Amino acid sequence: MVNSKAKYVEVELEKYSLKPFDRFKRVMKRTFKGELFVGLGIVFREMVRFNIHTTQYPGEKLPISPRYRAIHELLRLLESGNERCIGCGLCEKICISKCIRMDTHLGEDGRKHISEYTINFGRCIFCGYCAEVCPELAIVHGPRYENSSEQRAHFGLKEDMLTPIDVFKKGAQKEYPGFGAPSPDADKRIKKTPLAY
Amino acid sequence: MHEMLLHSDGCDMISFYVDGNLVEAKKGQTILEAATKSGHYIPTMCYLPKLEPISSCRICVVEIEGSDELILSCQTPVVEGIKVTTDSKKLFEYRQNILKLYDVNHPLECGVCDKSGECLLQNRTLEFELDRQEFSAKEEKREIKRWGLIGYDPSLCILCERCVHTCNEIIGDDAIEIATGGYSSHIKPKGSDELDCSFCGECIAVCPVGALVSTGFKYISNSWELRKIPATCSHCPVGCAIYYEVKHDGTLDASEKRIYRVSNDFEYNSLCIAGRFGFDFENSETTKDSSELSRAVEAFLKADTIRFNSFITNEEALILQKLKEKRGYKLINSEAYIFREFLSELSMASGVSFYTGSVEDVKRSDFILSIGSRIYDDAPVVGYAINSAKKLKGAYFGYLHTIEDNRIHPSKFVKYEVGAEEGAIAALAYVILKDKIVDNRLQEYLDDLDIGYICSESNISEEELESLAKILKSKSSPILIAGSDLYSHKRAENIARLLGFIEKHSNFKVLLIPTSTNTLGVSLICDLDKEAGDYVIGYNDIGDYRLSSLGDGDLDMPALNQQEGTFTTIDKRVVPTNAALPYGGYELNDIAKELEIARENTIDYTLSLPRKSGYRSVGFDELDDEISKDGVDRRGYNLVIEEKDTHFNLQKIADIDEYNGVVVYVSNPTSQFSYMTNRARLLKDQSSDLEGSEQFSIAAKIEDGDYVSISFGQYEVKKVFKINPKLKGVVGILPIFDNMLSTYLLPSQYKYQKVEIKKASLEKKVEEN
């Protein structure tokens, strides 16, 4: 509802003199005020003290939050090293920008395997739904935010995202605490299935 | 008063209450049927409308006022005035408990299960809000089985018995059974470890969970990703309603260019192996090369004949007819030609423009005779209809043929000699018509028939005929199914007339099985010629210039799963089919346009299908293409059937040709109809061996496993010979689906051929491979 008593109020502004000389004086005053030199002085002082707070990127990188959502990674099972992805297709289904696509087949071990897995990073909005819906913690957002390359597709194939087997063997695959990860007290909250025999 | 309750169809109607609403039901209808029909919902698991109630799941229980017990609605008939409750707290808990039992140890692998998304157990578990489980049982080791095209995972099986009942009541293979053993019960092939059946895959379709799956489809796609395209199966004249389910192929291309599977409205209808698994016969041509088109036009300008088969749509047939009218081509399609001749003779005798039977009539009839067709191979779905009439309605089935078929289990098999179709039909006409009041000339004709002589000539026993006649007396809705052995017989004219008179003067309906998918349509639309000219365009057939949907001709054509159009089915119904896959090349209409027959699209011709043949002026986009939720086929429209003048011109029964020496029956196995099914990935391994009995092998002087050359007329094929212990008699069976394009080289369309069989050297076979 509009308040009928409300009125427009005219703000009193300082009257500027529009005479050419007054204008010139105003410009000079604003340009050569001391603040400029104050700032330059601080820079100079920090420079000669060698106590700079700037991060020397790309030589030096800031740690990012575990919940940061950068380029996806496909993880392996901790013990066997097999791919975690079971090809259930939930990430493909939930993806709101429809940029995930997978192809599955019947493996020789009788299980479902993914033959191909791609994410079109030209369309991905890094919402994190895929990582959240994944029942196997297979697709996660990794910490890799540097995406410059000749082509966006360079990050989007299965072989780009899957932990390489040699990296895995070195034990360098990191469990991801971010989106979709079990909460720290997950063990306590799990109910046992009723197989009380 | 009682009369007033009778409705027009002669059924007593009774009324009862469902959840307080007054509902009408036919007498004998079950509570479930009547309630569902009136829009009430009763949950079910094992119930399938096409089967007798299985009543294994007990989910469909309802309460009836005045009764303490819960009643199974699927098998309890409606009683006047009862008050049924379909949902209450008690029912909900009861159903919940049943589902909990189903869920005991059901593997939590929905994530990968093929059925996930269309799983009845998944749906019901969510519907009844099951979030906890109190029951438990010690899990056992259960092995996943692979039976050819069908895979079975016993730990997913809920033992609803749908598959077993379908296999028995509908398909007739009766190939699987329940191995009972309490908690370790499972489905197993009947009588052996390996599944020996026609692999129609109907058990896969009816399985409510992911226990029975198609091994060709296993784990390649989730059901919700697939887009269903309603279409008509293009393999046989029955024209079943199917859905092609398509999705992109691979991850880098978004176009839906691969068919992943075929599904159907399995609650009411069934598919055969070819329909379910023979779907990927498309032509992957993607580009148009205008120089190729101009070469094709040149060929058309030069040609005087177009030879084609009946695996085309009505619209394409009409384009060919228009080309004929414009440029005077001769249209050659021998199987449609003989079918047209047969049909016109039949309708001249019967006085109706078409035969009157349909596949639905077969399901409803109580006395079925089949003659001149190896029915499970020619039109498997008609075979299923016969079987369900037999099993569900107690129909009598007499199978008349030269070769016994152990898959059919007829009530009576009547064997006749090769070439004796005319005598057999005459004997049937005699049996059916002799006591009826018919017109005098026919009466005279029948009286003149020397049945004793005909029977001995055709090798039919008179006692068999008499027993048929006796059984027929108590039957009210008989049907006679006639197959292609009759149309191609050299006395086809007279056979057709005899059939026509049977149809006219008795309560028999006659159902002809057209030879291939659109034989009926082609015979109605095209003005076919008998003799070919000098320069032949072959459309999916042999010719000097070849148009081919297989991609091996001079110009590519779209396959039938890449085309829009209509087929004319066995039921005299015009049904639409839709393009499941993209096609980038030229089609027949492009050539027609070049030859100045100007219609923008092929489907523009649907509107002008010839009205004099019974088609209606309905455009393609106006055609309905769905099966309704209660199972009524609403696709397309029925041809208009007209009355005709009848002529009496029966001839004397001719003596039969002697078929001495080695005779083969040219017939394809159930799984194979044509070059299209032969191209399908899942059906590729089907054997195309020459098969025969022990007796045949002695007559032909060949042994099991021999590589032989079979020659007749200009036709010669080389095949491996296999002794099939299930076959009897001296006639071998020769499949030609792998060599279809040259069928016109056969001396005649008659499926029995005298052949010469010689052993061919094996080295050559290796070379050919």
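Biologist: Let me start with one side chain. Which residues is Phe308(B) in contact with, leaving aside its neighbours within four places in sequence?

Modeller: Contact here means heavy atoms within 4.5 Å. On that basis Phe308(B) touches Leu320(B), Leu331(B), Ile332(B), Asn333(B), Val522(B), Cys526(B), Leu528(B), Tyr539(B) and Asp541(B), once neighbours within four places in sequence are set aside. Some ground rules: this is a predicted model, where local features need pLDDT of at least 70 and side-chain atom pairs count only at pLDDT 80 or more, while totals for chains, interfaces and linings use all residues. Residues are numbered from 1 along each chain as its sequence is written, chains are lettered from A and ligands numbered from 1 in the order in which they are written, and side-chain values use heavy atoms, with hydrogens and water left out.

Biologist: Which residues touch the most other members of the largest nonpolar core?

Modeller: The general idea is that in soluble globular proteins, nonpolar side chains tend to be buried together. A nonpolar core is a set of buried Ala, Val, Leu, Ile, Met, Phe, Trp, Tyr and Cys residues joined through side-chain atoms within 4.5 Å. Buried means under 20% relative accessible area, exposed means over 50%, and partly exposed is in between (1.4 Å probe, protein chains only). Here the largest core has 194 residues, and Phe308(B), Tyr355(B), Leu499(B), Leu512(B) and Leu547(B) touch the most other members. Helix 14 (residues 421–433) of chain B gives the most to this core, with 9 residues. There is also a second, separate core of 23 residues, including Val23(B), Ile31(B), Val61(B) and Val84(B).

Biologist: How should I read a helix? Which residues of helix 8 of chain B are buried?

Modeller: An α-helix has 3.6 residues a turn, so residues three or four places apart point the same way. Helices (H or I, at least four residues) and strands (E, at least two) are DSSP runs, numbered from the N terminus. In helix 8 (residues 290–302) of chain B, the buried residues are Leu293(B), Ala296(B), Val297(B), Ala299(B) and Phe300(B). They sit on the same side of the helix because they cover an arc of only 160° around the axis, the arc being that of the directions from the helix axis to the C-beta atoms. The face turned away from this buried side carries the exposed residues Glu298(B) and Lys302(B). Among the partners of the buried residues are helix 9 (314–327), strand 14 (305–308) and strand 21 (536–539) of chain B.

Biologist: And which residues of helix 4 of chain B are buried?

Modeller: Leu120(B), Leu121(B), Arg124(B) and Thr125(B) are buried there. Helix 4 of chain B is followed by Glu129(B), whose phi is positive, near 50°.

Biologist: Is Glu129(B) buried or exposed?

Modeller: Glu129(B) counts as exposed, at 56% relative accessibility. Asn540(B) also has a positive phi, of about 55°, although it is not a glycine. Asn540(B) lies in the loop between strand 21 and strand 22 of chain B and is buried, with a relative accessible area of 4%.

Biologist: Last one: how far apart are the centres of domain 1 and domain 2 of chain A?

Modeller: Domain bounds come from an automatic or database domain assignment. For chain A that gives domain 1 (20–49) and domain 2 (72–180), with C-alpha centres 54 Å apart. In chain B, 48 Å separate the C-alpha centres of domain 1 and domain 3.
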